[in-house]
Amino acid sequence: MTAPEEPLHRRLGLQDDEYDRIVETLGRDPRPAELAMYGAMWSEHCSYKSSKIHLKTLPTEGPAVLVGPGQDAGAVDIGDGMAAVFKMESHSHPSAIEPYQGAATGVGGIVRDIISMGARPVALLDPLMFGPLTAERNRWLFEGVVAGIGGYGNCIGVPTVGGEIHFAGPHSQNPTVDVMCVGIARADKLATSQSLTANAGSLMVLYGAATGRDGIGGVSVLASATLDASSEESRPAVQIGDPFAEKLLIEASLELIDRGLLEGLQDLGGAGITCAVSESAARAGMGAHLDLDAVPLREAGMAAFEILTSESQERMLAIVHPSRLADVEAVCARWGLTTAVIAELVEGGGLRVTLGGELVAEVPARSLVDEGPEYDRPMAPPDATAMSSASNDPALLPFDKDVREAFFSVLTSPNIASKRWVFEQYDSIVQGQTVAGAGSDAALVRVPDSLKAIALSSDGKGRYGALDPYLGAAHAVAEAARNVAATGATPLAITNCLNFGNPERPLVMWQFSESIRGMRDACLAFETPVTGGNVSFYNESSGSAIWPTPVIGMLGLLNDHRLRVPTGFPRPGLAVYLLGETFAELGGSEFAEAVLGVVAGQPPRLDLDAEAALLRFLQAAAAETLLASGHDCGDGGIGIALAESAIEGAHGFAVTVPGDLPAHVALFSESASRAIVSVAPEHEVRLTALAADHGVPLSRIGETGGPRVLFDGLFDTTVDELREAYETAIPRLLGEPV
Amino acid sequence: MSDGAPRIGVITFPGSLDDRDAQRAVTFMGGDAVALWHADPDLRGVDAVVLPGGFSYGDYLRCGAIARFAAVMDEVRAFAERGGPVLGICNGFQILCESGLLPGALIRNRSLRFICRDVFLRVETSQSVVTSELTAGETVEIPVKHGEGQFVAREDELRRIEDEALVVFRYASADGATGDAQNPNGSIDHIAGIRNARGNVVGLMPHPEHAVDPDVGPTGGQPLFASLLAAAMAGAGA
Amino acid sequence: MRCSFEVLVSLKPGLSDPQGKAVASALPALGWTNVSGVRVGKHIALEVEAADEAAARAQVEEMAVRLLSNPVIEEFRILEAEEA
């Protein structure tokens, strides 16, 4: 990648001015190991140096927020002294090189983020984006990532309950692999830095796997530069996951916390030991003496910089009072894990590192963690001829095809079609709390020994983002909130993973800034603050970036899971209502791409007040048990929302598509703030009144029935025919028998 | 813990995943769940033993290959020889096969992929500790979730399994018809679960512990646990 | 002396071998239509400290029977020992 004659700091990814800053901090030239530490900690991945200035504008506070951004994961109050902890992260760069292990270790990493908060991981969700499955390499990436998520997640006993999968050209070179984990903890046991009681003399105990040479400059370097043809050479940086070790780490860590044996807990991720030790020390307002000779190594003869920056998986760092050391060692031994005291907290802020009795690094801990560079990178909007201009509105394009044929094209497009092939490879039921998994608008995971369930949805709107990054982000928040509310739950807070191209390009930085603005406005409108997240830049190759795709992970709460609203039509004889209004909005729609072959126009407008009203109405109607089913109306419009309700519930319907729009526009428009609900006849009067109270427009469009599916005046079919088309589309693309 | 409720031990091996779920199912069905630890050669006087699902030792060598050497397994073997009820679920089934307590073996699914879905099982005999409350020919809905659940046996062994009516469950449709479409993993003769000759040791790939609580899944596992609790009450293993 | 061994474990002939089948069906698609009898197994490398090679080999034999393979479905081969 970089010519070998370049100075060391540049080879470590540090800019010249960043090097000068290190010299200024230390008052001398840095030693090689010190440069490696700064290189890792000040990388884009670890320091958020390009994004910080924008992230600061996001709303982060609210009545339910217990822990906001800056910790390993966010936490919200779910009542009864319990907290839900959640975080999303990207593992796209490693997955592009080795899909199985890249995805597997992504799961491992996000799970350790949750453990380090003192929470038991209870759910995983995986938002994924690939290039079209017509290309062999994309199929290899897709199959490998899915197998890797399953291979790791299934082996650690954490159910994978949701996620979403999209396919788009720009992801061919750069698949997006985001992983989200949710945990549950007693609020008073949340192991955040605020609860640290560490003092000088406290010990840092590394437990879990041994440290190897693999992954040197792994995540932090991979995720901080664009991939090019020479990425093949990055293969040695690929991590091999050991889910069995992770399972032992989960159990040992939770036992350590439960028994009150720890003063703090930190996972080891990007920048490895350097990050864990310096963050722990800096948060405690102290320094540390780190003895690299004490680190259990997998290979002999590792250099200081290798031990310091190795990203070996399945390791944790506990802060332990010396009086508790024997107990900690005993718990780890019971779970078959090795422990090593590698560092001790000391007064002052210095981090001293020795190897073979020699000093190899001595830097202020804070300078690694909190004093990294911060950039206000130049931004520039796209030029006026961009594809999002109003004159490119797909609703204006002539359409003279058969509506039925178009409908089946949309239903079987890989973005819409059933993802059963994927989610059946995931254990979605272990832990025995999965009230609703894939197939539900939002997954519902019961809080053990209670009637409560947390509702989880992850949503990204890459196509909208490509056309208008502000709207793309705002729609992602709205759809995630709507998915949660459609089950009857109350949206509480979000985490996110912000997937973008190279931030050094002004266009990408503008997209990022616009996305943050859209997310901010939507989060304020829905009172769902941001509790943390992850930024994944440099998702581009040879100057071609992915669409700006902030993925939103929404967490909601349903106080009584028995009141949950299912997605599918549960029986015949129900009235079917469309909530919200339909406009001629086909810009960036699934129909435009799948049928017309264009990604163009302007995404649907988003009236945040109307959306907030719909969210409140859905919760109120569920609380009064008025709804027999509820389903967000999103990609593919009313036609697809109805079809999915029919397939999921195994009951057909007869509807008249309302309004005066041309049939294909009415059927496939993706106007925001809509949902399809079914209602027993005796509740129709009350539902109508409640909608009026909330200012939500609604129209009665038909009834549920048996096997038949009728779009009056357009076409008819059957539930079986819908299901057959919907379920077999992806296996067919993979060349499998169906 | 209710007085007189049968005590059902659930063994936790390193890498067990559904151990708490099995305990919860026992409690749900009115039993008294007792946590057992792989390294303790002590069954704590339980009336029945469950070897739960999961990936013991990561299944890295072979499913169940290492767990069978756990200290607790000598006790399980002795308990089984006394006629005590033993149920192996998924990884627990694999451990029982590796231990020689049940014939045959489990290899990778025909599709080479992990599969998690609800399936129907046709009950083949009521002569086992998990089917005494069921009638042959009935079907129960229970989820499977495994990557290595394809039951295989040598030809002579298979003949013995069939001749001695050791098959307890076969994958089937809701109305009891067997066929490739209903067989999620390619198991020979659609075998989902088997027993020993005496019927006190049963192993099956599907997860009855995930099919007792109607809030989170089907309920086809209820009669299996009811049968197991009844067998435990009878006290054969004491 | 320390001897290194390689143990090859494979499914017994006649038993269904889903991995072998997958490989066998992938090869013709890549143009190799003349391949049959594909079986996928495990390769386990290990070193044994023992009095002599015969003792080391006997131990590996026993380990292969008891742990490394499942005699119900698998067979194994021990490759020539080398002094490590």
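Of the 738 residues of chain A, 63% count as buried, a residue being buried if 20 or more other C-beta atoms, placed from the backbone, lie within 10 Å of its own. This is a predicted model, in which local features need pLDDT of at least 70 and side-chain atom pairs count only at pLDDT 80 or more, while totals for chains, interfaces and linings use all residues. Residues are numbered from 1 along each chain as its sequence is written, and chains are lettered from A and ligands numbered from 1 in the order in which they are written.

Chain A has 25 helices and 30 strands, which are DSSP runs numbered from the N terminus (helices: H or I, at least four residues; strands: E, at least two). An open sheet is formed by 7 strands of chain A, in the order β25-β27-β24-β28-β26-β29-β30, with mixed pairing; two strands pair if DSSP finds at least two bridges between them. At the edges stand β25 (627-632) and β30 (715-718) of chain A, each with a single partner strand, so one side of each has no neighbour in the sheet.

Within the sheet, β26 (residues 653-655) and β29 (residues 708-711) of chain A run parallel and are joined by 3 bridges. A:Phe653 has A:Val709 as its bridge partner in β29(A).

Helix α22 (residues 637-649) of chain A packs on the sheet, touching β24 (575-579), β25, β26, β27 and β29 of chain A. Contact here requires C-beta atoms, placed from the backbone, within 7 Å.

Technical notes:
Two residues are in contact if their C-beta atoms, placed from the backbone, lie within 7 Å. Axes are lines fitted to C-alpha atoms, for helices over the stretch in contact, and angles run from 0 to 180 degrees between N-to-C directions. A residue is buried if 20 or more other C-beta atoms lie within 10 Å of its own, exposed if 12 or fewer, and partly exposed in between; C-beta atoms are placed from the backbone.
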